[in-house]
Amino acid sequence: MSGMALDAVGQSVPLTERPAWQALAAHQRRIGTLHLRQLFADDPLRGERLVAEGLDLYLDYSKNRVTDETMLLLQQLARDCGVAERIAAMFDGQPINTTEQRAALHVALRAPAGTRIVTEGADVVPQVQAVLAQMAAFAEAVRCGDWRGHDGREIKNIVNIGIGGSDLGPVMTYEALRHYSRRELHSGSISNVVGADFAEVTRALDPGETLFIVCSKSFKTQETLTNAQAARAWCLAHFKDEAAIKRHFVAVSSNTDGVAGFGIDPANMFVFWDWVGGRYSTDSAIGLSTMLAIGEASFRAMLAGFHAMDQHFRQAPPQHNLPLLMALLAVWNTNFLGIESVAVLPYAHYLKRFPAYLQQLTMESNGKHVTRAGAPVGVATAPICWGEPGTNGQHSFYQLLHQGTRPVACDFIAFCQPLAPLGRQQDMLLANLLAQTEALAFGSAGMAGQQDDVAQPWRTCAGNRPTNTILAPRLTPHTLGQLIALYEHSVFVQGVIWDIDSFDQWGVELGKVLAQRIIAELAPEHAQELAHDSSTNALIRRYRQQRLA
């Protein structure tokens, strides 16, 4: 059975049997072999027309293998799948995370004071604003030197301890906004449950000048708590006084008892809620390390950018709605052109962690195989998301983008005004981006004065590889908020069309459960018979043997 959606009278209809889907399939059969060279030749103004602009972001989607008819049919598919209704349900606080019966209200994290967003009978915006005020007061105390360590010294090092969204979000936003950061405060992060990560981050740090932020909603996340306990021991080895924990640790959590049991003063616990998913939480208290680095004003500017894109998403008509357009193009590429991978290629050094951030957002949200009703989806869902900043990637994997046997859709992201001007380097950077999108679209035969060399086929680049180009004037906190929200909402729309729950992550849980069982079996003194498959049993025995060698 294919993915299910509801028709106008509430009856379940398999996605692939819906008229809009079938019209798109028939349309693909008609235009599927058209090359971008032909599309541009037939429509010389295509590059000025198949664009959209919202806020600070300019989207050129003309180098996708689409026509005006394609876009109209995709918009009809969105209507048929109830995208507008699901958007309204999300903003209204309805439990759209159906498997956990929760709202997905990350949009409330950036809603201005005075906005009313109700879920389970409570307006959540005052709660959000209270935590923001608590974060701002704490950040100012640390940044101005009023908050001091156990021996009276100022804090100079901030270390975020988390994993998944509690790590990727803070790391990405710090790197993206490092230009705006206070350089006297050194920021680091620990996520991987491996001693080397902890050792390398803390190697040059002075415990008396270091503040740890432990990020775990439940305060039970195994990797995070393991690293937090290592940090606690590291701190106490220096101070030899339990009271030091209250000056060198704060928590982002909802588990007051767990936080207090660790030794952290509950007054220094920053709350976030069940209706915030980890990968949607960088603008919540999970962003405390970011606020410490860039200050309250810049953090609030980022929130304003998020909110501006939220409003654009809700209000802009389909032909100008950036998240909707990007989502529909992703569905077209994935389901009708059979493109299984998307590369995110920021031509901006500060966005070097943005592809990794989007990996989680895209693949944890939409890497699902059943619909909200539990039926098989029946179509491909989330494409594999990956990437690297340009121009580094050009000398790494672009060979595959141009001449590989598996087409990859690409999102190019750039800013017109550099944050660190240096000669003509920004011109060189943008020239490379524009050249890559041109080459991917038109191939070697599409370049002026060039033809494919039949005698040397290894020189031939076929082109016809779809790309989006996103341009903005300058990377600012406000622009970054817009960019993150753009992808959040695009991923959400894709999930609506596939009729999946984009806000749960049950596939993450299985490995956690099995790991809890195996960790005890790795101890040398474990005497019980192993009951896994022969491969896992053999690997456990091998590890035991060499662990003590």
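These legends describe close-up views of a predicted model.

**View 1. Strand β10 and the strands on either hand.** Strand β10 covers residues 249-252, and both of its faces are covered. F249 and A251 are buried on one side, and V250 and V252 are buried on the other. In a regular strand, side chains alternate between the two faces of the sheet. Strand β9 (residues 210-215) runs parallel to β10 and is joined to β10 by four bridges. Within this pairing, F212 has F249 as its bridge partner. Strand β11 (residues 269-270) also runs parallel to β10, with two bridges between them. Here V252 stands opposite F270.

**View 2. The β-α-β unit.** Helix α11 (residues 256-262) forms a right-handed β-α-β unit together with β10 and β11.

**View 3. The largest pocket.** This pocket holds about 1000 Å³ of space. Its lining has 38 residues, and T221, G278, Q505, E509 and K512 lie nearest the centre. Helix α18 (506-521) is among the helices that each supply at least two lining residues; with five residues, α18 gives the largest share. By type, the lining has 11 nonpolar, 16 polar and 11 charged residues.

**View 4. The second largest pocket.** About 600 Å³ of space lies in this pocket. It is lined by 26 residues, with Y347, A348, H349, Q426 and L429 closest to the centre. Helix α16 (residues 425-442) contributes the most to the lining, six residues. The lining consists of 13 nonpolar, nine polar and four charged residues.

**View 5. Cysteines.** The model has zero disulfides. C416 is in none, and the nearest cysteine sulfur, that of C410, is 20 Å away. C81 has a relative accessible area of 10% and is therefore buried, the cut-off being under 20%.

Technical notes: Residues are numbered from 1 along each chain as its sequence is written. This is a predicted model: local features need pLDDT of at least 70, side-chain atom pairs count only at pLDDT 80 or more; totals for chains, interfaces and linings use all residues. Side-chain values use heavy atoms; hydrogens and water are left out. A disulfide is a pair of cysteine sulfur atoms within 2.5 Å. Buried means under 20% relative accessible area, exposed over 50%, partly exposed in between (1.4 Å probe, protein chains only). Two strands pair if DSSP finds at least two bridges between them. A crossover is right-handed if, with the strands pointing away from the viewer, the path from the first strand over the helix to the second runs clockwise. On a 1 Å grid over the protein atoms alone, a cavity is a set of points where a 1.4 Å probe fits but cannot get out, and a pocket is an open set with protein on both sides within 12 Å along at least five of seven lines; lining residues have an atom within 4 Å of a point. Grid points are joined across faces, edges and corners, and a volume is the space filled by probe spheres set on the points. Ala, Val, Leu, Ile, Met, Phe, Trp, Tyr, Cys and Pro count as nonpolar, Asp, Glu, Lys and Arg as charged, and the others, Gly among them, as polar.
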